[in-house]
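Trainee: I'd like to go through the pockets of this one with you. Shall we bring it up and start?

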Amino acid sequence: MSHQPTMAQSFTVTVPDEAAARSVADELAARGHLLVAVREVDWALRDPDSWWFGKPTMRPLDQGQWDVTSVATGPLPDEDERWWQAQEDHAVRLLAQRAGGRSGGNGAGDTATLVRTFTRVGLVHELDDATVRERRLAALATCPPRAEDPEMKRSRDVEEVLPNGPGDPVGLPAVSDVNWAELEHAYGTAEDVPLMFAGLAANDARWAEHLDDLVGSVTHQGSTYSSTAPALRIVAHLAVAPQLSPKRRLDLLYTLFLAAVALDQALAYGYRPGPHDEEVRGTVGDACENLLTLWTTVSRAEQRLLLLLAAVRRHPVPAHQLTDPASTLATAIIRDEDEADALLERLARSHEDLIDLAGGNAPLGSRLVAALEVLLWDR
């Protein structure tokens, strides 16, 4: 029996030209999207009646391209809303790729609000309720329902409540080898980075404050800067210091992993990599061998992050008993990419956040690494 979702989805697809945009719009309407509009990027900046008229563009790299925006209301095949909405997101992303463009992913909101506030400039499709219902259910009928997978039922809990607290200071001589004043982070010049490292090296009660400052500056919201790779090289050095408590070391390993996967995430999801993502990935990968010397002396939680870091560069690891889905996929990536591909396909039958990664056209290696990040947060 069909189910009317509590929220509607909204989409934006960006393609090279108007002809491609109109073709995408027709396909979205064929999937039962209630409202579909086609507009040139930054149209509002050229409209005298718009609040945005004459203002500087926020999308300089998209000039001359076209946006297709839509709202998809219900119904869905059953009550598993997250699953079916992920299936629709995947279908739209593939549609965008076929048209030579990209999908910004879906948003969600109250159905009445999204319909009422939808910008109707360039509107090309507005369907009646009966047509929406018929087309929506027909489109989703081609997608499989969520499957039960024993792999996903394995223990996902790796204890991360670890000993924490101050310790003896740590020596970081490499900090002075970098001309930080010539580099930048999220807030401008990186000349203040040595002070952040001095705070971390003190290994005292203000550790978390200094780490927040560093992460918020050199990897702000997942971005990379000219200072990011040099800073993470020092973070990797700090992570092997025996003076650190396990929880502090785990925090550093998380920082390294999340920075290292940024490039693969961009490639896997089809958005532009940051200017320094590749350098950062290489820097963390080069540090992996030294980080793995920690293996026999650290907790399972730290081992899991070391395993995931190793998988980014396919670096071999010692035998282990980690069986959570992220660790299982990381082990398969290191051992055999075809095996890992098959495992990702299987996991995606029950995990909606893996659907795009299992069925996408992006390089397999990047999709596998991006899946590690998804599974790491899955609790």
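**Pockets and their linings**

Mentor: Happy to! In this predicted model, the lining of the second largest pocket divides into 3 nonpolar, 5 polar and 6 charged residues.

Trainee: Which element gives the largest share of the lining of the second largest pocket?

Mentor: Let's begin with the space itself, about 250 Å³ in the second largest pocket. Among the 14 residues lining that pocket, Gln85, Ala86, Asp89, Asn106 and Asp353 are the closest to its centre. Two or more lining residues come from each of helix H2 (81–98), S4 and helix H15 (355–359). The largest share, 6 residues, belongs to H2.

Trainee: Thanks! How much space lies in the largest pocket?

Mentor: Rolling a probe the size of a water molecule over the atoms shows where empty space is left. For the largest pocket, that space comes to about 440 Å³.

Trainee: And which element supplies the largest share of the lining of the largest pocket?

Mentor: The lining has 23 residues, with Arg39, Trp43, Arg59, Asp67 and Thr69 closest to the pocket centre. Strand S1 (8–15), strand S3 (66–72), strand S4 (102–109) and helix H3 (111–117) each contribute at least two. With 4 residues, the largest share comes from S3.

Trainee: Last one: how many residues in the lining of the largest pocket are charged?

Mentor: Sort that lining by class and you find 10 nonpolar residues and 9 polar ones. The charged residues number 4.

Notes
Residues numbered from 1 in each chain as written. Predicted model: local features only at pLDDT ≥ 70, side-chain atom pairs only at ≥ 80, totals over all residues. Heavy atoms only, no water. 1 Å grid on protein atoms, 1.4 Å probe; cavity = no way out; pocket = protein on both sides within 12 Å on 5 of 7 lines; lining within 4 Å. Points joined across faces, edges and corners; volume = space filled by probe spheres on them. Nonpolar A, V, L, I, M, F, W, Y, C, P; charged D, E, K, R; others polar.
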